[in-house]
Each structure stands twice: as C-alpha cells, then as structure tokens.
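Open your viewer and get ready to select residues by number. Each stop on this tour names what to pick next and what is there.

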Amino acid sequence: MCTTQFALRLLVAGLFAGCATNSPAPGDDDGSGSGSGSGSGSGSNGGGDDGDVPFTAGVSTLAGSSEAGYVDGARKVARFSNPVNVAFHDGTLYVADFDNGKLRAIDVETHVTTTVIAQTGFQRPFGMAFAPDGSFYVSTDNDQTGAHTPLSGTIWRIDVKAKKATVVANAVGRPRGMAVLPDGRLAVTDYLHHVIELVDVNTGRVTTIAGAFDAKGMVDGAGGIARFSTPYSVAVRADGQLVVADFDNNRLRLVGLDGTTTTLSGVSEPGFVDGTMATARYSHPQAMSAAANGDIYLTDLGNFRVRKIVGDQITTIAGDGVGGALDSDDPLASELYGLEGLSVVPDGSMLYIADGNRGDPVPFNRVRQVILD
C-alpha cells in the first residue's frame with residue numbers, strides 16, 4: 001500500500017495529468033474488494049468519439065481514465081476498475097478488468113470497448129494466454145463458485161463468440177502468469193505458492209516442475225530443489241525453455257521443462273541498470289510478453305518502467321521512473337503506474353499495457369499503448 005503522502009500525490013497526478021506531448025508491492029490486488037462489477041457505471045455507452053485526449057507518437061492512453069467504473073463504449077467514455085492484464089489477438093485487445101470481475105475487449109482500430117465475459121463465478125481475472133490455434137485461456141483468483149481462498153485460483157477456456165467461460169482446472173492455487181507451450185499445455189506461475197507448473201488443458205491435471213509448494217526462497221537447481229519468491233509471469237523462449245519473472249527475488253530465472261532452474265539475470269538487491277544479462281538490475285519484475293522474433297518485453301514495477309530483452313541485452317523503452325499517468329511523444333518521458341500486464345503485437349510494432357492501481361487506493365484505471373520502433 002502507498003503511504004498517505006504518496007497516495008495523495010498520485011491522486012492529483014491521476015486526476016490532472018492526462019497527456020503530455022513534446023509541448024509544455026504487488027499484493028493480492030484487492031482493489032475495491034469483491035471483483036463483482038459494482039463500479040460507478042454499467043452497460044454500454046456507444047459512439048465513435050475518441051474524446052479530448054490525443055494520441056501521441058510514443059505512449060498514449062488507449063482507454064480508461066483516473067475514474068474507476070464499468071462502462072462499455074468509445075474511448076471517451078469506456079471505464080475500467082483496476083485493469084491488471086492485456087492480451088492482443090487478431091486486432092482485439094482483451095483486458096482483465098480485475099475489480100469489475102469482467103473480461104473486456106478493445107477494438108484497436110475503432111477504440112470501442114465491449115464486455116466479453118460477465119459470468120457468475122468468473123471473478124478477479126488476471127492471467128491470460130492465447131494458443132496458436134486461437135484457444136484463449138484466462139485465470140481467475142476465485143474459483144467457479146466465486147469463493148476466494150489461497151487455493152481458489154481457476155483456469156478457464158474462453159469462447160469469445162459465445163461469450164462463455166468454461167473451467168479447465170478449478171481451485172488449483174493462485175495461477176497468475178500463463179504461456180502456451182508448443183504441445184498445447186500451459187506453463188503457469190503460481191505466485192502465491194512459489195512454484196512453476198504445467199497444466200494439461202484437456203484433463204485439468206496440474207504438475208509442479210520447479211519449486212516446492214509454499215517454500216519461498218532463492219535457489220537454483222533441479223525441480224523441487226529450486227526456490228522462487230513470488231514468481232509472477234512466464235514467457236516461452238524459442239528453445240522451449242521458460243523465462244520466469246521472479247518478483248521478490250528481483251531476478252529473471254530460466255526454467256527447463258524438466259524443472260532445471262538457473263538465474264538468467266538480476267541479483268537479490270533491487271536496482272535499475274540496463275546492459276547485459278549479467279549486469280542488468282531490476283526492482284520487482286512482473287509482466288512479460290514475447291514478440292514473434294523472440295524479443296521479450298518486461299515490466300519493472302519498482303522502477304515504474306518497461307524494459308526490453310534482445311538477445312543478451314536489456315534496455316529501457318518506456319517510463320521515467322516516476323509512478324503516474326503521463327502520456328508523451330517520448331516514451332522515456334512518460335509516467336506509468338500499474339504495469340501488471342502487457343502484450344506486444346506479433347510484429348513488435350505496438351505494446352499494450354494494463355495500467356491499473358496495483359490494489360492501492362489511487363486513481364489509475366487505464367490501458368496504455370506504446371508505439372515501438
């Protein structure tokens with residue numbers, strides 16, 4: 001949670017800092033509580049007006065505002081309540097609208113927001129992953145009855161056309177990061193229980209491949225010997241190995257499908273250093289998304305920045321290190337806050353960011369976009 005002074009500064013920033021061109025610790029994301037969709041508005045408010053906030057040549061607000069709510073419609077009116085993740089697929093950006101307990105969709109051409117899933121039992125959505133065949137998986141912190149416990153996390157298969165979510169694996173812990181393997185299984189990070197798992201989407205069977213349930217730590221090694229501290233997201237490399245953002249260890253870890261775990265980058269102490277994998281430093285890395293060419297984009301929550309991994313090199317591509325809601329033609333002059341989820345389009349030309357409130361009482365309920373070189 002923020003201190004009172006910090007929260008007040010962010011409140012002012014969120015309310016009044018909309019867009020600037022070149023002219024003048026995550027917890028459980030409790031947010032508003034139940035995730036039941038009780039925001040300040042509801043339903044649809046259509047139209048084609050993008051509103052008064054212009055798009056920039058760098059970081060822009062795609063949808064949402066400082067105000068939390070539940071409103072579908074044009075960019076000017078759409079409202080979210082703590083959006084925590086995004087996933088791009090075929091011209092649509094899907095948004096995990098955490099506190100509303102909804103799965104939303106933004107048409108990236110028209111900028112109109114609609115609701116895809118508003119289903120009983122589907123509450124507190126977070127993890128999202130698309131398979132190459134278009135199969136769409138979403139994790140929720142609550143189980144299919146809506147119950148919320150340390151073991152209530154559930155994985156669903158989404159039928160976008162039918163607007164229906166079907167349980168794949170119910171009450172399996174707290175899955176947050178998800179990525180689809182070439183064989184169709186899901187690689188999953190359970191951030192609350194500190195393990196890396198594989199999920200068979202046909203049977204719902206969950207297998208732990210690295211870490212030990214509820215054993216928090218920092219150990220490289222094989223399978224159950226390895227230890228993690230709040231592993232948050234996962235991306236699949238071209239060689240089939242998993243890159244895991246080990247949030248509280250301030251590291252990126254490399255996990256083979258046999259469970260063998262090594263440190264790819266970072267050290268225990270938080271920091272901010274670009275450079276090679278060996279020298280780079282992070283402060284609570286969280287979300288990851290891989291482009292078709294293998295480049296990986298990473299949110300660095302403690303530094304309020306977005307980083308990029310190309311081969312052995314780490315660079316910063318967005319954020320000035322201050323938490324806020326400032327759009328800018330210069331991505332490095334922009335301000336970001338939530339940073340709990342991101343998604344890069346396959347060709348690497350655009351990056352979308354879920355810029356919610358991290359469960360803090362601050363006015364950040366936006367989806368942002370970054371035009372990439």
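Helices (H or I, at least four residues) and strands (E, at least two) are DSSP runs, numbered from the N terminus. Residues are numbered from 1 along each chain as its sequence is written. The model is predicted, so to speak of local features takes a pLDDT of at least 70, side-chain atom pairs count only at pLDDT 80 or more, and totals for chains, interfaces and linings use all residues, while side-chain values use heavy atoms, with hydrogens and water left out.

**Whole chain**

Colour the chain by secondary structure. It has one helix and 27 strands. Now think about burial. Buried means under 20% relative accessible area, exposed means over 50%, and partly exposed lies in between (1.4 Å probe, protein chains only). Of the 373 residues, 57% count as buried.

Select Val71. It sits in the loop between β2 (59-65) and β3 (72-73). Is Val71 buried or exposed? Val71 has a relative accessible area of 13%, so it counts as buried.

**Strand β6**

Select Asp107 in strand β6 (residues 102-107). Its relative accessibility is 31%, so Asp107 is partly exposed. Which residues does Asp107 touch, not counting those up to four places away in sequence? They are Gly91 and Val112. Contact here means heavy atoms within 4.5 Å. Tyr94 is 13 residues from Asp107 along the chain, and their C-alpha atoms are separated by 8.9 Å.

**Nonpolar cores**

A nonpolar core is a set of buried Ala, Val, Leu, Ile, Met, Phe, Trp, Tyr and Cys residues joined through side-chain atoms within 4.5 Å. Select Leu103, Ile158, Val306 and Leu351. Of the 36 residues in the largest nonpolar core, these four touch the most other members. A second, separate core has 14 residues, including Ala78, Val108, Val345 and Tyr352. In soluble globular proteins, nonpolar side chains tend to be buried together.

Go back to Ile158. Leaving aside neighbours within four places in sequence, the contacts of Ile158 include Leu103, Val116, Phe122 and Lys164.

**Two positive phi angles**

Most residues other than glycine have a negative phi. Select Lys163, in the loop between β10 (154-159) and β11 (164-169). Lys163 is not a glycine, yet its phi is positive, at about 55 degrees. Move on to Ala171, in the loop between β11 and β12. Phi of Ala171 is also positive, near 55 degrees. At 36% relative accessibility, Ala171 is partly exposed.

Select Glu340. It lies in the loop between β24 (313-318) and β25. Its relative accessible area is 4%, so Glu340 is buried. Glu340 and Asn82 are 258 residues apart in sequence, but 10.0 Å apart in space, C-alpha to C-alpha.

**Largest pocket**

On a 1 Å grid over the protein atoms alone, a pocket is an open set of points where a 1.4 Å probe fits, with protein on both sides within 12 Å along at least five of seven lines; lining residues have an atom within 4 Å of a point. The largest pocket is lined by 49 residues. Select Phe130, Ala179, Ser289, Ala290 and Ala291, which lie nearest its centre. Among the elements that give two or more residues to this lining are β4 (83-89), β8 (125-130) and β12 (175-180).
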